[in-house]
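Subject: Structure handover

Dear colleague,

My notes on it follow below.

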Amino acid sequence: MSSIVSGLINFGYNRTFLEPVWTVFLLALLSIALIDPQQLSASLLFMGDTFVLIIPFILASSLIYAYVTATQADSLIADALQGRPSVVILTAAMFGALSPFCSCGVIPLIAAMLAMGVPLAPVMAFWIASPIIDPVMYLLTAGIVSWEFATMKALGAIVLGLVAGWSVYFAQKGGYLVNPLKPSVTGDATTLSYVEKPVWRFWEEAPRKAVFIEKTTNIMMLLLKWLALAFLLESLLVAYVPTEWVTSSFGGDTQTPILWAAIIGVPAYINGYVAVPLIAELINKGMQPGAGMAFLIAGGITSIPAMIAVVAVARIQVVIFYVGFALIGSFAWGLIYQMWV
């Protein structure tokens with residue numbers, strides 16, 4: 001068993017100082033090997049079985065992400081968010097749920113849209129919906145939890161994006177949430193451009209084909225990295241977390257577990273690729289599905305990359321609205337999902 005750990009450490013040694021996730025993963029394996037050697041075998045077997053099931057979803061989501069990037073289809077978003085509020089807020093919420101942008105990668109686009117004069121209402125609809133779900137996360141959630149759960153999470157992203165967009169719209173009518181961007185950000189954002197039409201047949205241009213290959217590789221490595229850590233932690237949940245504790249803390253028929261899940265999700269959520277498998281296992285152990293939904297939605301909106309990005313570009317009033325809406329919206333959608341199931 002020590003040879004397995006040694007091999008894994010040698011494999012990741014060159015990455016550990018540059019990749020904190022691999023460092024944590026390898027240190028966790030080493031700790032398990034020292035503390036409970038039998039659990040190391042069980043965890044590795046659990047990870048292998050889970051990866052066999054999830055590999056098709058990783059491949060599909062990576063190809064979607066790479067295609068959008070190589071074709072520059074993201075240029076459609078800024079153009080689409082102009083026009084009547086009723087149309088553009090709906091468009092923004094749907095784009096946010098369907099676009100393959102991560103919570104931090106979407107920030108340059110948001111800054112550019114605001115700098116180009118796109119109103120905050122549709123931008124906020126996009127801003128709220130985007131971190132909750134995307135094609136990558138949808139496929140992974142469907143594969144790890146269920147298609148029903150993933151679809152309701154995607155619907156929640158659209159609904160909450162709509163509510164956030166209209167809330168901002170009426171708030172601005174009352175004189176609130178004006179000038180949302182920090183002055184320093186506005187100056188930088190004007191240099192960004194999203195006006196180029198997508199090149200759908202990207203393979204006909206060598207540079208775009210190279211981008212497609214690079215992005216496919218990068219996103220697959222990103223997913224593999226986070227999911228390796230996630231599945232390792234999930235195996236430890238299976239082994240060490242009593243089902244009775246989960247049932248008593250987050251189960252039952254009351255609304256309290258959903259509220260606590262939303263509150264805990266705001267500061268505690270780290271990364272969706274880790275959170276989804278953990279929540280799936282907690283639901284299997286007795287957590288209310290609505291509580292799991294509330295945690296993933298609240299945490300997705302306020303994950304560390306998302307919050308760093310929001311604080312970096314937005315004024316304090318927008319930050320307060322963003323966090324407050326994450327808490328209230330996730331609790332409400334968790335209740336709705338719990339009643340639906």
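Buried means under 20% relative accessible area, exposed over 50%, and partly exposed in between (1.4 Å probe, protein chains only). Helices (H or I, at least four residues) are DSSP runs, numbered from the N terminus. This is a predicted model, in which local features need pLDDT of at least 70 and side-chain atom pairs count only at pLDDT 80 or more, while totals for chains, interfaces and linings use all residues. Residues are numbered from 1 along each chain as its sequence is written, and side-chain values use heavy atoms, with hydrogens and water left out.

Helix α14 covers residues 272–284. Eleven of its 13 residues are buried, so α14 is largely enclosed by the rest of the structure. Among the buried ones are Tyr273, Pro277 and Glu281. Just after α14, Gly286 has a positive phi of about 125 degrees.

Two salt bridges (a side-chain nitrogen of Lys or Arg within 4 Å of a carboxyl oxygen of Asp or Glu) turn up in a search of the whole structure. One joins Arg201 to Glu204 at 2.7 Å, N to O. Arg201 is partly exposed at 49% relative accessible area, and Glu204 is exposed at 52%. In the Glu205 and Arg208 bridge, the closest N and O atoms are 2.9 Å apart. Glu205 is partly exposed at 34%, whereas Arg208 is buried at 11%.

Trp260 lies in helix α13 and is partly exposed, at 48% relative accessibility.

Regards

Terms used: Helix = DSSP H or I, 4+ residues; strand = E, 2+ residues; numbered from the N terminus. Expected span 1.5 Å × (residues − 1).
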